[in-house]
Amino acid sequence: MNRLFGTKNAAPKPTLDGAISNVDNRVASIDVKLAALNSELSSYQTKLAKMRDGPGKNAIKQKALKVLQRRKQYESQREQLSQQSWNMEQAGMMQDNLKNVMTTVDAMKTTTKTLKKQYGNIDIDKIERMQDEMADLMEVGNEINESISRAYDVPEDVDEAELDAELEALGEDSLFESSMGESAVPSFMQDEVAPPQFIDEPPEQAQVKEPATT
């Protein structure tokens, strides 16, 4: 059976992060090779600057040209790998954003269900009736406060003729008191200011008892 249909591959599937890591490692390896090629080209350039034209100089130029061709190939390959890595990174960012969106949507769904359940337990009619009852109670409270704060035995309207008569009477009293002098005591305070009258009885004389005679 295994010969006909083959065996199932049990190896784990590659992940996006793993693929990006592999590509970055390859780019790093190419960077090392490019650094070596640049060093080799630099040495050839130094030699060519000191040599005269001739077969030896031409041979070094041919070697330098081959190194330059290899460097261009590595640079092209590095550019391709860098672009692949960048594309995979963008795909990873899109995947992360999609996960965040799905998480947000799930949270909103859960919140919506909870709110529906909670609002379903609220009776709007009961709330309106409660508000009406509160308004009635506030009105009753205002009436009670007005009743408690009402003044007693105070006339609401004042007669101007009565007010003139009261003022005239007060003026006559003040004139009468000034005619009596500053030391005069008003009649309504005389009983309170007058000194108390005490009737002192003469002291009883002590009676001396006579001695008894036999």
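A salt bridge is a side-chain nitrogen of Lys or Arg within 4 Å of a carboxyl oxygen of Asp or Glu. By this rule, the count here comes to three. In one of them, R78 pairs with D31, and the closest N and O atoms are 2.3 Å apart. This pair links distant parts of the chain: R78 lies in helix α3 and D31 in helix α2, 47 residues apart.

The model is predicted: local features need pLDDT of at least 70, and side-chain atom pairs count only at pLDDT 80 or more, while totals for chains, interfaces and linings use all residues. Residues are numbered from 1 along each chain, and side-chain values use heavy atoms, without hydrogens and water.

Helices are DSSP runs (H or I, at least four residues), numbered from the N terminus.

| Helix | Residues |
|---|---|
| α2 | 16-50 |
| α3 | 55-120 |
| α4 | 124-148 |

Helices α2 and α3 pack at an angle of about 160°, with axes 8 Å apart. Axes are lines fitted to C-alpha atoms over the stretch in contact, and angles run from 0 to 180 degrees between N-to-C directions. The two helices are therefore roughly antiparallel (angles over 145 degrees).

How values were computed. Angles under 35 degrees count as roughly parallel, over 145 as roughly antiparallel, 65 to 115 as roughly perpendicular and the rest as oblique. The expected span of a helix is 1.5 Å times one less than its number of residues.
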